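Subject: Handover of a two-chain model

Hello,

I am passing this structure on to you. Please open it first, then read my notes below.

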Amino acid sequence: MPAFAGLRRRVESWARPRRPEVLPARLDRRRIYILPTGFGAFVTALLATMGIGALNYNNNPALLLCLLLVGAALASLLWTQLQLSGLEIRAVHGEPVAAGTPMPLHVHVEAPPGRERRGLRVAIGDNEAVLSLGDAGGEATLALPTIRRGWLTPPRLRIGTTRPLGLARAWSWVWPEARFLVYPAPEAAGPPLPQGGGDEAQARLNPAGEELHHLRDWRPGDAPRTIAWKASARRDALIVREFERPQGDDLTLDWQRLGTLDHESRIRRLARWVDEAEREAVRYRLQLPGQPVIGPDRGAAHRHACLRALALLPDAG
Amino acid sequence: MARTALALDTAGRRWSLIAAAVCLLPLLLQLPMPLPIVIAIAGATAAIMAARRAVPGWLRTVLALAVFGLVLAQGGMNFGRDTGCALLAGMLAIKPSELRTVRDARSLLGFALFAPFATFLLDQGPLSLALGLCGAVLVLAALARLSEQESGLPAAGVRHATRIGVVAKLIAIGLPLALAAFWLFPRLATPLWGIPDLSTARPGLSDEMSPGDWIDLIADDTPALRVTFRGPEPSTREMYWRGPTLSAYDGRTWTASPWLRSMPPATVEHGVPTWEYEIALEPTERNLLVALEMPLELPEGMHAAREYTLTSARRLDRVTRWQLRSAPPVRFETELPDALRRLALQLPADFNPRTRALAQQWRAETADDGALVDRALAWIRSDFAYTLDTPLPGRHAVDEFLFDYRAGFCEHFSSAFAVLMREAGIPTRVVTGFTGGVRNRYGNYWIVRRMDAHAWNEVWLEGRGWVRVDPTAAVAPERIYDTLEDRLGAGGGDALLPMADLGDWARRAWNDFVLGFDAARQQRMLQRIGFENIDTGGLVALFSLCAALALGWMLWLVARTERERDPLLRAWHRIGRRYARLGLSRERHEPALAWAERVRAARPHEDALVALTHRFVAARYAPSASDATLVRALRTHRPARETAR
């Protein structure tokens, strides 16, 4: 089997495209491959038997039936190939995820109108997704496995179909010249967020805090559990409590303070802390060796900047 | 692999089962009676059982063995072509018991395609053909559904009519190629292997005859041959279609003498007129031929024995055609060699004593052979009756017929007449074949049915040779009682006659067009369109050319859908391609006018393009604008020539 797999890899390496390409990429006959499926081979053998038998017995109805089926089968081959011909891969986009979790890879495809293209299969390895094109094109979402942090260059995508009769499989490779970011995998369990950072302590409003800061009028969006019902009853209007959190100051997540850990473990801890700080809605800054400090800030963009910096740290050694 | 184990969904199962059932139906119609019902019940049971839960392997084996045994028992343990077909039908019927995955469904459908094929080996009638075609279309539609399921499309997403439409389109696209191959693919002049026999032969003309055994044959009103005359036609009373001649008699059965085959045909002096005709003979699974009495010369592949028993070199497994000329004989073998005379006088001893006594008495009274024949015919006219209702013969069959019940049909008359004449010393033999025929009022041809099978006699008279005598025809018309017309024509058939004629005419066209097409006819067709003496290599070249043309046509048909529907847009895109060749293709995001201006900036002489683009934008985006000449103007526009600098 390994020899066979090796041969297969070898043959696939000859297939077009042989190097990454800039999208959009249009599929044409030079890069669409078509081979009979196992069932197609079975039907071929069956029709050959029928044809030889019919010729031998000079049984014209049987021969005509056989030839009609051959004609339909050949037409279906053309049809299969033309399902792919003219497709245009507009964009491939992967959402950043932590290493180890599958990355949703969106493949956006368009095609000139006039031909129904449904039930195409987009695949990377064993991960498949169905792609059906409407007038505005179509999108398939693949789950691309990720292993390690950093840039992930996607392998070749295979777009294929066996429609309409399942006799042959037409496929084409797409090798987008793109790279997708994979965040470091956060460690599973570890110490809580460090307290403070040495900067001025500052009480900040935080719904997760415990000490009552003050009361204010209700505004749309306030959670019902924050409503001070007794005070509201007295005032004849809804009043909500606002809390503060005692730690109050910006967090600093500093690489240097994790001196006892090895390189990758530091990255994974910092990644977990970034996520925890986001969850607790704390402003935080990230200090990495040889890089300017990121932050302090919070929110999706800040998180992305931090995790990206962590993901792209060079390997140890 | 994960893909092959994909479980079959409801729609796929339903389509597969329907397609297999329709494929099976024409085959079942060809099988002898208890089998189709049993097989149909077995099939339905298997399908229902498998729909509930997986059928265990041992049960499938038991089912398969049961069907196998039943079919063999039905065929009387003879293994023939029909037995094979019945087995195929049985296996196909129980195949749905393992219908769980897409892969199972596909193997069922592939297997089902053999059912129409097997049907055509047994029967090539219009019903079989229509059902076979339906079955094939449904199989393709079922395959389309399976492929949809494999591609993750829900069954509700595609309408049944659309699916059938796709299949019909595929067949239509492949049709030119199929027809080119059908007409032009080199045919085998002789088969590589023979077609297996039927386990039970259909009754028909054969080289033996026992009085009474034709009762099945003459109840069969299917066509035996169709005849087209060129020039004069004989009257129906002259239409004696001569088949096997039987000379040896054992007291019960008349048989042909095989050693006569190796002798050259006897000399015949023909009279006038000469009839020129073509016989299209329905398949008989034998190699016996018939021709109008008496053929002048024999076409290739036809052989005549001494007594003009005509045989074909090959067995008649399909419709065959024979070009013949015949003329009534004036003298037929006037010199009879002694061996042949002895054969024509041979009789078993100790049979039919009363006949022998009568013959000897007549011989004593009448010296002249011809007068003796006339006397016998006169006796038949006065004393005998025609009926299909005859008792089983005893030991002295001829005595019983001549002296006891004095009624019967052609076999009895010809047999008894021959025995009587032989006892009187006149060389006599039995000739079998067909008589008469019915003219089809739509096509210019005659149809002779199997029920027109007939037996008559030839007596050898000095100076004239063999002379045809038809004792059955001598029966007085008022004493013809129970005939085939009485038996068949109970339902007032006259009103339906035109319909039947029309049906037969269509059937003959189908025979000419499709069923009878073979190597010889292919050669003739090619000659007619100007290819004289084309050899196999030339034929392959011609076929390849036509196939390439057909493939090109297919490609064009399939690819055509990609064409832009709107002629205006099509012309606009064409202009875009012309400029793209100059490196000035329009970007996707670029508005038409911006592009035109960019082109003009690069090439100063493109004012015409800008003007055209303005017109295009107006026609395309202004709601009411219509510009009749724009498409034409766009089509004829070419990039301006760069002036030489």
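Here is what was found, topic by topic.

**Ground rules**

This is a predicted model, so to speak of local features a pLDDT of at least 70 is needed, side-chain atom pairs count only at pLDDT 80 or more, and totals for chains, interfaces and linings use all residues. Residues are numbered from 1 along each chain as its sequence is written, while chains are lettered from A and ligands numbered from 1 in the order in which they are written.

**Confidence**

The predictor gives the complex an ipTM of 0.76 and a pTM of 0.67. Chain B averages a pLDDT of 83 (pLDDT is the predictor's confidence in each residue, from 0 to 100). In chain B, 89% of the residues score at least 70. Where pLDDT is low, predicted coordinates should not be read in detail.

**Chain A overall**

Chain A holds six helices and 18 strands. Helices (H or I, at least four residues) and strands (E, at least two) are DSSP runs, numbered from the N terminus. Of its 317 residues, 34% are buried. Buried means 20 or more other C-beta atoms within 10 Å of a residue's own; exposed means 12 or fewer; partly exposed is in between; C-beta atoms are placed from the backbone. Take the contacts in chain A between residues at least 6 apart in sequence: 66% join residues at least 24 apart. Two residues are in contact if their C-beta atoms, placed from the backbone, lie within 7 Å.

**Where the chains meet**

The contact takes 42 residues from chain A and 51 residues from chain B. On the chain A side, α2 (38-56) and α3 each supply at least two residues. The largest share, 18 residues, comes from α3(A). That side divides into 26 nonpolar, twelve polar and four charged residues. Here Ala, Val, Leu, Ile, Met, Phe, Trp, Tyr, Cys and Pro count as nonpolar, Asp, Glu, Lys and Arg as charged, and the others, Gly among them, as polar.

**Cores**

A nonpolar core is a set of buried Ala, Val, Leu, Ile, Met, Phe, Trp, Tyr and Cys residues joined through C-beta atoms within 7 Å. The largest has 133 residues; among those that touch the most other members are Ala19(B), Leu24(B) and Val139(B). Helix α3 (residues 60-84) of chain A gives this core its largest share, 15 residues. A second, separate core of 74 residues includes Met239(B) and Trp446(B).

**Helix α5 of chain A**

Helix α5(A) covers residues 263-279. At 1.5 Å a residue, its 17 residues should span 24 Å, and its end C-alpha atoms are 25 Å apart, which agrees. The expected span is 1.5 Å times one less than the number of residues. Its buried residues include Arg266(A), Leu270(A) and Trp273(A). The cover over them includes β12 and α6 (300-311) of chain A. Just after α5(A), Ala281(A) takes a positive phi of about 55 degrees.

**Phe180(A)**

Phe180(A) lies in strand β12 (residues 180-183) of chain A. It counts as partly exposed because it has 19 C-beta neighbours inside 10 Å. Leaving aside neighbours within four places in sequence, Phe180(A) is in contact with Gly94(A), Pro96(A), Met103(A), Leu152(A) and Pro154(A). Gly94(A) is 86 residues away along the chain, yet the C-alpha atoms of the pair are separated by 5.9 Å.

Best wishes
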